[in-house]
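Student: I would like to learn how to read a structure like this one. Could you take me through it step by step?

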There are 2 protein chains.
Amino acid sequence: MDHRDWIQNHLFENAKGLGFIFVPKTEIQERLARFRKYMKRDGIEAFLVTRKMDYFYLSGTAQDSMLYVPTEGSPLLMVRRELERARVESPLADVVPIRSSSILPELIREHSGNLPSVLGLEMDLLPARDYLRYVDLFPGARFVDGSPIIKEIRKIKSPFEVDLIRKAGEIGREVYSRGKEILREGMSEIEFAGLLEAEAKRLGHEGLLRVRSVNYEAYSWHVLSGVTGGVVSQSDSPMGGIGLSPAFPVGASLKTMKAHEPILVDFGTCYQGYQADETRMFSIGKMDRKFLDAYKACREIHDAVLSQTRPGADCGAIFRDTLNLAEKLGYKDSYLGPPGLQVRFVGHGIGLELGELPYIAEGQSYPLEPGMTFAVEPKIVFPGEGSVGIENTVVVTRNGFEILTPLEQDVFEV
Amino acid sequence: MDHRDWIQNHLFENAKGLGFIFVPKTEIQERLARFRKYMKRDGIEAFLVTRKMDYFYLSGTAQDSMLYVPTEGSPLLMVRRELERARVESPLADVVPIRSSSILPELIREHSGNLPSVLGLEMDLLPARDYLRYVDLFPGARFVDGSPIIKEIRKIKSPFEVDLIRKAGEIGREVYSRGKEILREGMSEIEFAGLLEAEAKRLGHEGLLRVRSVNYEAYSWHVLSGVTGGVVSQSDSPMGGIGLSPAFPVGASLKTMKAHEPILVDFGTCYQGYQADETRMFSIGKMDRKFLDAYKACREIHDAVLSQTRPGADCGAIFRDTLNLAEKLGYKDSYLGPPGLQVRFVGHGIGLELGELPYIAEGQSYPLEPGMTFAVEPKIVFPGEGSVGIENTVVVTRNGFEILTPLEQDVFEV
């Protein structure tokens, strides 16, 4: 059979049958309208979107592509691989093949009638080599870093998007419940993590946690027990764990888990591209008193953040309040990391990527808005001993918030 | 306990006990010497290495850092997080903290006495925003894309590195053996893949497969059965599968596996940062004749590549020979993909990342050298029906090659 025929006639039904949720045309239209509004505000005449999750957001396909969006006229999706599949997945009308970026100006001129004089690019991640190539290909054009706009349009999630995060949270709930059946003394952190992940995948978890960064790698196997929980590593996290090697020095290790230790499980799930993030504590037998107390403090801080979560609340102010509360509770030197290594956020936006807006963090002076989704994750770290924490993903609603990771908050004791 | 004290006094022994293999000082010295030789050849006075696997290769640590390597004088490792851990992991002598790239010139001047006039950067992946920042920070300097040098120094693996790939291959062998016990009719591709991954992780597999690219995401759950094996997707691969959603349209899907279908399992493993890649066929009951025949052809092509694998053999010529052989065997229109979508390589270098040198591919006119490691993966694709293939990772030796993924090559029939 011809591949093109199969894709045109059978991909859609097959994929639907296997649980694919295609991005509706109205979603794409609404996103593009918002995108253009900000482009105009910033004097950007056209945007060349080259990063996968960015053009997926604006086109509905993650096929290897580049998306050209002029402020006036229709967007042009140029596909390297696989063209026919992109045509099935994307509601956009203009989807054409591209073999080499050298024909970019030609394709754009053919589509739009002219070349842009001010071109937006995702300069936060676009490789320098590609940037210099575009400078050559569009002589006379001015280039603007449009990545702040991309972040801005993605910070408010539509009901369609929130629903996908909610479903990711439902996968998470099943994973944690299964964790109680899997965990046993003497099992290594990474074995436990791998089995949790297998359960998540069985339910449709996509495995990769995406993050908007060059060197930061997200992963779902952040299982730290006792001493490994007290170790800070490369990641912008209160504790990174020991990991598996100098090449991957974060997350679960081959350490075996013992009775009464705090076992922190920070497990992100991804459904249809959308992530939910949550953390719970496990223990084999009763967790040692010191950690039970610290976990109680984390829950108190978590609840304090949520009690302030409503439209208009200032993200920086919420964060600062948690510092005061942590100090009052006696955890000034262990809240969010050991002294000198404490991170300066207790919450981070989440959606197609980790680290979207908003940040509940130092210096983030902007208000929460309905449709923002973020993970709140107070953690307490004792070097040489272990760490505890809780994390939920929430959406800001008109009057407050909804937890998208509705799972019991007590320690999972086995 | 103080975090610094714990790292200084306990990390090394704990990590060793958990299987960490630290990069020996002699390895780092040898790599730096090679790096400097090429830098001098290309007139690069100093190199600012900012990509994680690149500075890991040259320093032994993957902590969040930047590595400054002048052609004369000692390298300077500047660490954002976590400094003390980098000091334990890296054999380099000069390891200092850095909070912001704005103090880069100051740190470099302090260390080297002067600023470079020709600075090498990894322009293939360095974000444009960072590049423009360096242009500001080092006025008057000329910037050179040094990424080809990085690829060049990494293309020959030392015995230390080959040994780690060999161990990754040993994990793979156990994973495939376990696969025979796990696979059953009615299981979904992704459930099977997740359980294979859990087994690999239990044995120390690091989960992330790294690749030198912006939008290309590698993953180990490439399990395709029957019809999904005939689907091409975004990846530069003969077939991508259906995947789990439009946001992740490659790899295993929720499709359940049936008797007699070809089940292709392309599973990469990663040990201490080093990857091995291999593919085998599974089937429930006897695989249909058409696929058995095609698999036989893949093995013949695989063996033909290996029969030519020795120092001096031309990579492009080896590839072209496989095209002729595939045609002779009757698979001209299905070898390496469907017509119009066939990929132009049958092998790719492998090490810390996928897609290192060499490529056994069209237009790659250079000879194999001892110490090169690559995966050879002939595959045959029938749209609407399925695909088959075999893959092994090999190292080029003085007289020929050694397979680093020594696993039986017959179909794993359950």
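Tutor: Gladly. Let us begin with domains: their bounds come from an automatic or database domain assignment. Keep in mind too that this is a predicted model.

Student: Which domains does the assignment give for chain A?

Tutor: Chain A is divided into domain 1, residues 3-153, and domain 2, residues 159-413. Their C-alpha centres are 33 Å apart.

Student: How many residues does each domain of chain A bring to the contact?

Tutor: Domain 1 of chain A supplies 9 residues and domain 2 of chain A supplies 11. On the domain 1 side, helix 3 of chain A (residues 52-59) gives the most, with 3 residues. Sorted by class, that side of domain 1 of chain A has 6 nonpolar, 1 polar and 2 charged residues.

Student: And how should I think about the interface between the chains?

Tutor: In general, the size of an interface is often given as the accessible area lost when the parts come together. Here we can look at residues in contact: 74 residues of chain B touch 74 residues of chain A.

Student: Which helix of chain B gives the most to the side that touches chain A?

Tutor: That is helix 9 of chain B, with 9 residues. The elements of chain B giving two or more residues to this side include helix 1 (3-17), helix 6 (128-137) and helix 9 (189-202). By class, the side of chain B that touches chain A holds 37 nonpolar, 19 polar and 18 charged residues.

Student: How do I describe two helices that pack together?

Tutor: The general idea is to give the angle between the axes and the distance between the axes. For helix 8 (residues 159-182) and helix 9 of chain B, the angle is about 135° and the axes are 9 Å apart. Angles over 145 degrees would count as roughly antiparallel and 65 to 115 as roughly perpendicular, so helix 8 and helix 9 of chain B are oblique to each other. Helix 8 of chain B passes helix 9 of chain B in a right-handed crossing.

Student: Which residues make that contact between helix 8 and helix 9 of chain B?

Tutor: Among them are B:Ile171, B:Val175 and B:Arg178 from helix 8 of chain B, and B:Phe192, B:Leu195 and B:Glu199 from helix 9 of chain B. The classes in this contact are 7 nonpolar, 1 polar and 2 charged residues.

Student: Now the sheets, please. What is the strand order of the open sheet of 5 strands in chain B?

Tutor: The order is 11-10-12-15-16, with antiparallel pairing. Strand 11 (354-361) and strand 16 (401-403) of chain B are the edges, each pairing on one side only. From one strand to the next, the twist averages 35°.

Conventions: Residues are numbered from 1 along each chain as its sequence is written. Chains are lettered from A and ligands numbered from 1 in the order in which they are written. This is a predicted model: local features need pLDDT of at least 70, side-chain atom pairs count only at pLDDT 80 or more; totals for chains, interfaces and linings use all residues. Two residues are in contact if their C-beta atoms, placed from the backbone, lie within 7 Å. Helices (H or I, at least four residues) and strands (E, at least two) are DSSP runs, numbered from the N terminus. Ala, Val, Leu, Ile, Met, Phe, Trp, Tyr, Cys and Pro count as nonpolar, Asp, Glu, Lys and Arg as charged, and the others, Gly among them, as polar. Axes are lines fitted to C-alpha atoms, for helices over the stretch in contact, and angles run from 0 to 180 degrees between N-to-C directions. Angles under 35 degrees count as roughly parallel, over 145 as roughly antiparallel, 65 to 115 as roughly perpendicular and the rest as oblique. A crossing is left-handed if the near helix is turned anticlockwise from the far one by less than a right angle, and right-handed if clockwise. Two strands pair if DSSP finds at least two bridges between them.
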